[in-house]
Amino acid sequence: FKVPQAEQAAAPTIQVKSGPAVEQFTFDAKNIRIAVAGAQRRVGTTVTAVNFAHWIQAHGGTACYVESNMHKHLAYIVKLYGEAPDGNHYGMCGVVYDFTDELARGYNFIITDCGELGTEPQATFTGAGVRLLCGSAMPYELPKLQDAVGRCAGRATQAVGVGVPQDIQPLLESIDEGM
């Protein structure tokens, strides 16, 4: 009795479509570094960084996403959604995605996905002009967020909660005020 081998399914390619026209702004900023880190894994760090880059691009600015963490999600993102590469640079809806910090050109904003905030925050996080700390407000995750906020002490950092229930939002806002 011989069991047939399963065929290896090829990764699907997904066609990205532009949305409706949105309000345009004028961005005078040059190479402002925005670092996005998570209080722990799986709190929306990559989603926040990617969405922010695309929001900037959709509203008239230029943005670059740089992966600076060990999770390597970018390889999957560009395989599914990316345009043909130009060296280490991949385009998607006008946003450039980079595997390294060796940028192809200047941008209004360079958004770095730092992954989980380390015990000692990464240099890419501490050296950024703007720092965003992603966290979750689930009761069992709040201690991790509060600990991460403590590691950001003395550095202007904005807490970001993705999908935080309305009744818990004031709690997250009070944590953010402590930063």
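Visitor: Why is Arg-33 called partly exposed?
Guide: In this predicted model, the relative accessible area of Arg-33 is 31%. Buried means under 20% and exposed means over 50%, so a value of 31% puts Arg-33 in between, as partly exposed.

Visitor: What makes Arg-33 and Asp-101 a salt bridge?
Guide: Their closest N and O atoms are 3.1 Å apart. The cut-off is 4 Å between a side-chain nitrogen of Lys or Arg and a carboxyl oxygen of Asp or Glu, so the pair qualifies. Asp-101 is partly exposed as well, since its relative accessibility of 43% lies between the limits of 20% and 50%.

Visitor: Which parts does the pair of Arg-33 and Asp-101 tie together?
Guide: Arg-33 belongs to strand S1 (residues 32-38), while Asp-101 sits in the loop between S4 and strand S5 (109-116), so the parts tied together are 68 residues apart in sequence.

Visitor: How many salt bridges does the rule give?
Guide: The count is two. Arg-151 and Asp-147 also form one, with their closest N and O atoms 3.1 Å apart, again within 4 Å. Here the residues are four apart in helix H4, which is about one helical turn.

Visitor: Why is Arg-151 called buried, and why is Asp-147 called partly exposed?
Guide: Arg-151 has a relative accessible area of 18%, which is under 20%, so Arg-151 counts as buried. Asp-147 has 44%, which falls between 20% and 50%, so Asp-147 counts as partly exposed.

Visitor: How do you know that Glu-141 has no salt bridge?
Guide: The nearest side chain of opposite charge is that of Arg-42, 9.1 Å away. A salt bridge needs 4 Å or less, so Glu-141 has none, although Glu-141 is buried. Glu-141 is located in the loop between strand S6 (130-135) and helix H4 (142-151). Leaving out residues up to four places away in sequence, Glu-141 touches Gln-40 and Ser-136.

Visitor: Is Arg-42 buried or exposed?
Guide: Arg-42 is exposed, because its relative accessible area is 72%, which is over 50%. Arg-42 is in the loop between S1 and H1. Phi of Arg-42 is near 65°, a positive value in a residue other than glycine.

Visitor: Where is Asn-31, and what is its phi near?
Guide: Asn-31 is in the segment before S1. Phi of Asn-31 is near 50°, also positive in a residue other than glycine. With a relative accessible area of 39%, between 20% and 50%, Asn-31 is partly exposed.

Visitor: How many aromatic pairs does the rule give?
Guide: The count is five. In one of them, the ring centres of Phe-25 and Phe-27 are 6.5 Å apart and the planes stand at 80°. Angles over 60 degrees count as edge-to-face, so this pair is edge-to-face.

Visitor: What makes the pair of Tyr-65 and Tyr-97 tilted?
Guide: The planes are at 40° and the centres are 5.3 Å apart.

Visitor: Which residues do ring pairs link into a cluster?
Guide: Phe-25, Phe-27, Trp-55 and Phe-109 are linked in this way. Phe-25 has a relative accessible area of 37%, between 20% and 50%, so Phe-25 is partly exposed.

Visitor: How many residues does the largest nonpolar core have?
Guide: The core has 21 residues, and those with the most contacts inside it include Tyr-65, Ile-77 and Tyr-97. Among the elements giving two or more residues to this core are S1, helix H1 (45-58), S2 and helix H2 (73-81). H1 gives the most, with four residues. A second, separate core has 18 residues, including Ala-128 and Cys-152.

Visitor: Which residues does Ile-77 touch, not counting residues up to four places away in sequence?
Guide: Ile-77 touches Thr-46, Val-50, Gly-82, Met-92 and Tyr-97.

Terms used
Residues numbered from 1 in each chain as written. Predicted model: local features only at pLDDT ≥ 70, side-chain atom pairs only at ≥ 80, totals over all residues. Heavy atoms only, no water. Phe/Tyr/Trp six-rings, centres within 6.5 Å; stacked < 30°, edge-to-face > 60°. Buried < 20%, exposed > 50% of the residue type's maximum accessible area, 1.4 Å probe, protein only. Lys, Arg positive; Asp, Glu negative; His and termini not counted. Contact = heavy atoms within 4.5 Å. Core = buried A, V, L, I, M, F, W, Y, C linked by side-chain atoms within 4.5 Å.
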